[in-house]
Amino acid sequence: MTPCNCRTILSVSLIVLTLTASSQVRVSGWVHDSCTGESLVHAVIFDSISQRSTISNNYGFYSLQLTKQQKAKLFVSFLGYQTFSCDANLHADTLINLHLTSKPEAIEELVVSAERSIHTQVQMSSINLSNAQIQHLPEIGGETDILKAYQLMPGIIQGGEGSSNILVRGGESDQNLILLDDVPLYYVNHLGGFVSVFNSDMIKDASLIKGGFPARYGNRLSSIMDVRMKDGNTQEWAGSATLGMLTSRLSLEGPLKPNTTSMILSVRRFMWDVLYLRPLSYILSEGNTNIGYYFYDINAKIQHRISSKNRVYLSFYLGDDKISTRLKEKEAVSKAHAKLKWGNMLGAIRWNHTYHSRLFSNITVAHTRFRYLSENSNKFRYEEGYEETNSNLYSGIRDISIKIDYEYYHNDRYTVLFGADQIIHNFKPGVSTYSESKNSISLIDTTFNNQKLFSYENNVYLENQLNLGDKIKLNLGLRFNAYYDLNHRYFSVEPRISGLFLLHPNMSLKYSYTRVQQNIHQIDYPNLYLPGADIWIPTMNDIVPEKASQYAIGLSATSRNDTYIFEIEGYYKALKDLMYLKPGAGFSHGIGWEDQIAQGGTGQSYGTELLVQRRGKLLEGWVSYSYSRSTRSFEGVNQGKAFPFQYDRPHSFNVHASYNVRKNFSLSALWIYQTGLPITLRNGTLVSPDFNYPGEENRVNDLNVPSEYALYTSTNSLRIENYHRLDLSMQHKKQKKRGERIWKLSIYNAYNRMNPYFYFWKSVSINGNEELRLYKKTLFPIMPSISYTFNF
């Protein structure tokens with residue numbers, strides 16, 4: 001988008017709500033970008049006279065209580081924007097809509113307010129990343145990824161080399177609640193986990209909570225990730241186009257009706273199937289093979305401001321991965337076609353309503369779906385005609401939900417958040433079809449496991465945000481969950497407690513306790529090592545909800561001008577009723593999974609996390625370190641003894657720095673170090689010439705061939721090599737006549753560290769003898785990439 005010369009606008013309209021003898025009045029309204037009309041989430045509104053402050057909510061609305069007939073001097077600040085100030089004479093409740101002007105180079109000019117600083121926020125174990133911070137990170141194939149940015153934070157690790165999965169404080173990937181505009185996404189990866197589904201062109205705000213969950217969030221054990229899409233430009237039409245080595249993107253936004261209705265649309269696609277895979281496979285096979293893989297994302301949003309008190313938002317997302325293979329023998333004797341497809345679809349409508357300066361509400365009605373589809377067909381021709389076989393497999397989950405949330409600003413020391421929701425889950429763990437035909441005459445046509453499993457969830461929550469004097473803040477919450485199907489009922493009462501004690505004007509002590517229950521679960525298809533090939537299943541029959549309790553304590557501090565931010569936390573998390581697949585489990589066509597699942601597992605995670613950030617005009621970045629341990633214990637596994645969790649990494653260390661050499665030229669570097677993942681390896685062979693299974697003691701081994709049985713180490717008792725790499729990037733911007741041009745050069749794994757992806761045994765001949773040797777498989781060597789973006 002072209003630079004905007006908009007001046008700061010202050011729209012003030014006085015609304016006298018009632019004549020009262022009260023000495024308190026309220027200032028409320030919305031905070032927007034003056035050039036685009038985009039709402040600004042978590043902007044700070046601070047009155048320097050009363051020293052009272054507040055922040056705008058997830059929709060940009062704020063409410064601040066001040067003294068009647070007192071002159072107020074308001075400062076409004078937001079990262080990357082000019083700090084704005086204004087004077088107001090308060091005689092009654094007043095509506096003030098604030099419009100800030102973007103100025104990225106003014107980061108060091110932000111006004112320090114008590115509410116904005118991290119050490120004065122009662123929420124702990126929380127990470128907020130702006131789009132600007134994410135854009136400064138080195139890219140992979142020219143693609144900026146918010147999930148990979150979160151992997152650099154303490155307490156969060158990646159699942160494996162190149163994966164965009166996030167594993168939080170010893171949890172699994174399905175234990176993260178990932179929300180896009182308040183609606184869950186059930187699968188968030190592309191390209192086998194190398195890229196996430198989040199298009200950076202659409203992200204307005206993102207936050208991730210590792211512990212101390214507020215009562216408004218629930219249904220997952222490990223973390224809450226809340227991503228908000230942009231609303232769209234209400235002032236003028238603008239757009240962005242990017243060409244990268246992995247994907248190409250195009251975004252367009254603008255007013256359908258100026259200052260009232262806006263839209264934004266963004267499309268992203270992986271282009272290798274068109275440019276490389278299909279042409280090469282066709283040429284190399286002399287026209288007999290056509291192999292393709294691609295993924296795409298479509299994001300769209302419309303906002304409409306009905307009045308000063310009512311706003312409506314429509315959000316939409318559609319994304320898929322698709323692999324297809326076509327084989328054709330010469331002279332068309334036989335043909336084969338295989339297709340795999342998996343992805344999400346999401347739609348939501350939200351209505352914001354402001355009853356008055358104290359009460360704000362939002363209603364969300366949503367639909368979300370994830371599905372995995374496998375299709376295979378074969379056709380054989382012969383003299384008498386042809387035969388055809390077809391087999392398909394479908395697995396998925398679909399939710400329909402309605403939710404209402406309220407925020408009541410009682411006074412400057414007490415705010416209440418409360419609400420309720422209902423979710424209808426529709427599961428298809430695995431529907432399989434198979435058919436055979438000969439000369440168009442059907443021989444077999446059958447369907448396996450064509451069942452729909454329905455379950456229902458109701459949640460009610462209450463949060464009490466209290467300021468007890470000038471040094472103590474509390475968030476006391478309670479969440480009630482009811483989960484049920486036709487035959488079972490499960491109820492849980494989940495207390496949530498967070499507190500803050502101000503030790504010093506720039507330092508505070510924080511603590512939290514969270515209890516949470518998870519009612520839906522994910523299992524992997526055995527022996528089907530494909531992305532997306534997972535099954536979501538409900539709590540039912542012998543499968544009970546998983547539960548967790550987490551305790552955390554921490555210290556937060558900021559420098560006087562907020563240039564440096566320091567956080568250290570310790571936590572302990574206990575898990576129970578964990579689910580797992582039994583050793584040797586196997587099922588096909590989505591049938592039999594109920595008998596292959598065992599529960600009753602327990603786990604514990606604990607650790608210490610350190611984060612130091614620097615914000616500045618020239619140099620910014622962070623250093624993060626985590627020491628953590630995570631174990632699991634299951635009956636029948638490792639003789640019932642506790643063993644390291646498969647993603648247990650005791651040490652994780654990350655350093656990131658970004659330096660603005662000139663106004664339009666910047667350099668960035670990132671170094672990552674992590675302890676190697678646990679692994680179980682074969683360590684020998686048992687040879688037993690006379691072994692018979694129980695009940696076959698009298699059976700004679702006529703072939704006289706000894707039986708061999710593999711022996712393994714204790715579960716996860718060994719570790720792969722430690723993981724480390726260096727990423728570098730360079731970004732250059734230039735203003736052109738019709739917009740802004742951005743070139744970005746990145747180098748992934750700059751010193752070519754060959755990090756292991758997995759290990760395998762291979763038989764080799766040494767001096768005429770066959771021996772097993774252990775080898776490692778690596779994925780990504782040094783990978784330079786370049787991207788070109790034009791904002792217009």
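**Buried charges and their partners**

Aspartate 226 is buried, with a relative accessible area of 4%; buried here means under 20% relative accessible area, exposed over 50% and partly exposed in between, using a 1.4 Å probe and protein chains only. Its partner is arginine 228, and their side chains meet in a salt bridge at 3.1 Å, N to O. Arginine 228 is buried too, with a relative accessible area of 4%. A salt bridge is a side-chain nitrogen of Lys or Arg within 4 Å of a carboxyl oxygen of Asp or Glu, and by this rule the count comes to 29.

A word on the source: this is a predicted model, where local features need pLDDT of at least 70 and side-chain atom pairs count only at pLDDT 80 or more, while totals for chains, interfaces and linings use all residues. Residues are numbered from 1 along each chain as its sequence is written, and side-chain values use heavy atoms, with hydrogens and water left out.

Now to aspartate 181, which forms a salt bridge with lysine 301, the closest N and O atoms being 3.2 Å apart. Aspartate 181 sits in the loop between strand E12 (176-180) and strand E13 (183-184), and lysine 301 in strand E21 (residues 289-307), so the pair ties together parts 120 residues apart in sequence. Strands (E, at least two residues) are DSSP runs, numbered from the N terminus. Both aspartate 181 and lysine 301 are buried. They also belong to a network of salt bridges that links Glu38, Asp181, Lys204, Asp231, Lys301 and Arg350.

Key:
Helices (H or I, at least four residues) and strands (E, at least two) are DSSP runs, numbered from the N terminus.
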